[in-house]
Amino acid sequence: MADSIVVSDTTRVGPKQFDLDRCVHCGLCLNACPTYRELGLEMDSPRGRVYQMVQVSNGAPITPSYEEHIGLCLACRGCETACPSGVPYGRMVEDARAQIESQVKRGRAATWLRQFVFRKLLVSPRLLTAAGAMIYLSERIGLKGLMRVLGACHIGGRWGEIAQLAPSAEPPFFFSQIGKTFPAEGQTRHRVAFLAGCIANVSFARLNEATVRVLQKNGCEVVIPEGQTCCGALHLHSGLREDAQRLARRNIDALEKGGYDAILTNAAGCGSTLKEYGELLADDPQYAAKAHAFAAQVRDVTEFLDGIELNRQMTPLNAVVTYQDSCHLLHGQRVRTAPRKLLAAMPGVQFREMRGSDICCGSAGIYNVVQNEMSMQILGSKMKSVNATDATIIATANPGCMLQLEAGVRMHGKEQKVMHVIELLDRAYGA
Ligand code: SF4
Ligand code: SF4
């Protein structure tokens, strides 16, 4: 953390005492933690991180070492699922990061970059479109491909590896669909709102289109509400709680009068945060009740489809498929069976469960960029499990995981194809 210095602000935000008190230091979470599995260090385990949070809560200073151990956490919440005491680790690490953010002064360049990414780029369709155009151009002139080849050959250091993770641009971007309503095929059985994400409008435009098609095939009128914005998940995970709250209020305002049966997302990372809007705005008297009502309507698209009568008019896919759980779907939303049941419903899919499918792939929002070395180490381990299945398709339920696994295939794989469960379903419906 060379660009940060500790300042003397003594503002005591941070993990709540009643959350910290829940940990009984049993260590049952250790094996569920990807950073502990890789490093074997107590300070990089959930129990070790909780211990460090307790020290800070008791008045110890925030040191670069504390920042490093909290920063190395993926916020994957695998430890939450493993913990018998119900330690709400995800909330605690967000609070710890917010505390670090409030007390640590960053260098000018780092501050500018964070402000630009979180306060301008992610919330501006115009800037995201411009960024998408630049990515598209770099792909057309071969620059991105060159960087990826260099990265695969371990030339160009970290930048070569980070280039493996750069999202593609998929024109025409999905921003053009915002504000539109797509009718159900056949009888309308449900009226749903679809939240299209931020970067996903540029980099997963085809996935968003496939999502709309699959919902239409299942009797849904799909509204892409005007005024929707980034869900705030990346802000929240980076300690920018107030920014996340502002974005939550905008999304609530945009959707509250829609009268939808459900609010859907195809990104597990977004869904996890959208379902926590009630908690995020609990102290806001004007929005607390509205946030709670909004959160109660949010469903991951796989969860929603599993809960309705699925259209089974599909053509066989003839593929061997394995599934990587998205942490924010499995550990954040406790949705495990829905994507597997959808895969099982597709004719011609031979499903092979991989070992450790519940362990993070190392994507974790922007973790794979800011903690690239650890992320790549975790990805290497993940690809060994993937390769052992001999599956030709790796299915998952989160765009961020797709990018990470695609990089994994390029660096360690056997030319597997990475697909969202919804893309497979879309193909089964004949797209
Ligand atoms: S976080 Fe939970 S599982 Fe881990 S040491 Fe604490 S009580 Fe045990
Ligand atoms: S959130 Fe994930 S990386 Fe962080 S301590 Fe828990 S299991 Fe480990």
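Trainee: Which helices each supply at least two residues of the shell around ligand 2?

Mentor: Bearing in mind that this is a predicted model, the helices to look at are H3 (46–57) and H5 (78–82), each of which supplies at least two residues of the shell around ligand 2. Of the 13 residues around ligand 2, those that come nearest are Cys 33, Arg 49, Cys 73, Cys 76 and Cys 79. Sorted by class, the residues of this shell divide into 10 nonpolar, 1 polar and 2 charged.

Trainee: Which residues are around ligand 1, and how many of its shell are nonpolar, polar and charged?

Mentor: Around ligand 1 you will find Cys 23, Val 24, His 25, Cys 26, Gly 27, Leu 28 and Cys 29, together with Arg 47, Cys 83, Pro 84, Ser 85 and Val 87. The shell around ligand 1 has 8 nonpolar, 3 polar and 1 charged residues, and the space taken by ligand 1 is the largest cavity.

Trainee: Moving on to helix packing, at what angle do helix H22 and helix H23 pack?

Mentor: In general, two packed helices are described by the angle between their axes and the distance between the axes. Here helix H22 (residues 372–389) packs with helix H23 (residues 399–412) at an angle of about 75°, and their axes are 9 Å apart. Angles of 65 to 115 degrees count as roughly perpendicular, and H22 and H23 are therefore roughly perpendicular to each other. Where they meet, H22 brings residues including Ser 375, Met 376 and Lys 382, while H23 brings residues including Gln 404, Leu 405 and His 412. By class, this contact of H22 with H23 has 7 nonpolar, 6 polar and 1 charged residues.

Trainee: How do I read the crossing of helix H14 and helix H17, and within what distance do their axes come?

Mentor: The axes of helix H14 (residues 241–255) and helix H17 (residues 288–297) come within 10 Å and cross at roughly 75°, which makes H14 roughly perpendicular to H17. In this contact, Asn 251, Ile 252, Asp 253 and Leu 255 in H14 meet Lys 290, Ala 291 and Phe 294 in H17, and the residues divide into 4 nonpolar, 1 polar and 2 charged.

Technical notes:
Residues are numbered from 1 along each chain as its sequence is written. Chains are lettered from A and ligands numbered from 1 in the order in which they are written. This is a predicted model: local features need pLDDT of at least 70, side-chain atom pairs count only at pLDDT 80 or more; totals for chains, interfaces and linings use all residues. Side-chain values use heavy atoms; hydrogens and water are left out. A residue is near a molecule or strand if one of its heavy atoms lies within 4 Å of it. On a 1 Å grid over the protein atoms alone, a cavity is a set of points where a 1.4 Å probe fits but cannot get out, and a pocket is an open set with protein on both sides within 12 Å along at least five of seven lines; lining residues have an atom within 4 Å of a point. A molecule sits in a cavity or pocket if more than half of its atoms lie within 2 Å of its grid points. Ala, Val, Leu, Ile, Met, Phe, Trp, Tyr, Cys and Pro count as nonpolar, Asp, Glu, Lys and Arg as charged, and the others, Gly among them, as polar. Helices (H or I, at least four residues) and strands (E, at least two) are DSSP runs, numbered from the N terminus. Axes are lines fitted to C-alpha atoms, for helices over the stretch in contact, and angles run from 0 to 180 degrees between N-to-C directions. Angles under 35 degrees count as roughly parallel, over 145 as roughly antiparallel, 65 to 115 as roughly perpendicular and the rest as oblique. Contact means heavy atoms within 4.5 Å.
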